[in-house]
Amino acid sequence: MAVTASAGVRPSSSAPPPDSSGTRRSWRPSFSPRRTAAALWRPVALVIVLLAAWWAVTAAELVAPYILPSPADTWLTAQENAAYLAQHTWVTTWETVVGFVIAAVFGVFVAVAMMYSSSLEKTVYPLILFAQVIPKIAIAPLFVVWLGFGPSPKILVAVLMAFFPIVISGLAGLRSVDPEILELTSTMGASRFKTFMKIRFPASLPQLMSGLKVAATLAVTGAVVGEFVGANEGLGYVILQANGNVDTAMLFAALIIMSLLGIVLFAIIEIAEKLLIPWHSSRRTSNSASTAA
C-alpha cells in the first residue's frame, strides 16, 4: 500500500498535535507541586499506616523482639551503625549501578541485533530464556569459583538479573512502530540508520524505559544475591552477619536500605523517562490524572 505524506501519518517522536486554539504545543517536562503531592500522598499514607501497625504489634508485645524489632529499635540501630551501614551500602550501590549499566548497554544492543536479524533471534532468544529460568542463587557459587571473591561475581549476577527485561522490552518496543510510518520513510529515501534513530528508537522508548525500571530493581537483588554467596562487604554481607547473630534490628535496617536503594534507582529512571518522552500519551495521561486528583 502506497503511503504518502498527505496520509497524515507522523512518527511518534514528532511534534504533538495542536491544541484547541490550533497551535502546536511542545511537551516540556515541568515540575508541579500539586501534581507531585497528588502522586505521593497515597504511598506516603500507606507507609505511615504500615509503620503504625508495626509499632502497635511490637508495643503490644505480640511478637518477641528478636523476631520483630520495633521501629524505634531499628532506627536506633541504624543510627548507631550509620558509618558501618553507609560503607556497605556504597559497595552494593556500586555493584548495582555497574551491573545495571552493563546490562542496559548490552541488552539494547542485543535487542537491536535480534530486531534486524531473525536468524540471530531464533539462535539467541532460547539461550537468553534458558539463562533467565536458571535461579541465580544456584549459579552464583560458580561465579565465585571462576572470578574470585571480588566485586566481579556480584556485578555479573546483577547483569544477569537485569538483562532479560531490558532485552524483552527493547525488542517489543522496536517492533511497535506502525508499518505505514516505516513505509513512508522508505518511500522518502531515508536510510536504515536514520529510520532507526528518528523512528524506531524513539518509538521504543516507552516500553524500553518500563523494562529499565524493572531491571533497576532486579539489579539490586542480583548484587545482594551475589553477596550472599561469597563476600566480606555489602548489604548482603550485613544481612548474613545480622542473621547469624540474631540481630533482627540490624537485619531490618539493611533490608530497608536495600529497598530504598531500589526505589531511588527506579525514581531516577522515572525522571529520565519524563525528560526523554514527555510527548508520549502515557505521560500526558498521568499528568492529567494527577491534576484531576
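Author: Terms first: helices (H or I, at least four residues) and strands (E, at least two) are DSSP runs, numbered from the N terminus. This is a predicted model: local features need pLDDT of at least 70, side-chain atom pairs count only at pLDDT 80 or more, and totals for chains, interfaces and linings use all residues. Residues are numbered from 1 along each chain as its sequence is written, and side-chain values use heavy atoms, with hydrogens and water left out.

Reader: How many helices and strands in the protein chain?
Author: The protein chain has 11 helices and 0 strands.

Reader: And what share of the residues is buried?
Author: 37% of the 293 residues in the protein chain. Buried means under 20% relative accessible area, exposed over 50%, partly exposed in between (1.4 Å probe, protein chains only).

Reader: Where is Leu 147?
Author: In helix α5, residues 136-147. Leu 147 counts as partly exposed because its relative accessibility is 45%.

Reader: Which residues make a nonpolar surface patch with Leu 147?
Author: Leu 142, Val 145 and Trp 146; the patch is about 460 Å². Like charges are joined within 9 Å, nonpolar side chains (Val, Leu, Ile, Met, Phe, Trp, Tyr) within 5 Å. Areas come from the Shrake-Rupley method with a 1.4 Å probe, and for residues only the protein chains shown count as cover.

Reader: New topic. What is the separation of the C-alpha atoms of Thr 221 and Thr 96?
Author: 8.5 Å, with the two residues 125 apart along the chain. Thr 221 is in helix α8. Thr 221 is partly exposed, since its relative accessible area is 37%.

Reader: Why mention that?
Author: Because most residues other than glycine have a negative phi.

Reader: Where does Glu 61 lie?
Author: In the loop between α1 (33-59) and α2 (71-80). Glu 61 counts as exposed because its relative accessibility is 67%.

Reader: And phi of Val 246?
Author: Also positive, near 55°. Val 246 is in the loop between α9 (235-244) and α10 (248-276).

Reader: Is Val 246 buried or exposed?
Author: Val 246 counts as exposed because its relative accessibility is 52%.

Key:
Patch = residues over 30% accessible without salt bridge, like charges linked within 9 Å, V, L, I, M, F, W, Y side chains within 5 Å. Salt bridge = Lys/Arg side-chain N within 4 Å of Asp/Glu carboxyl O.
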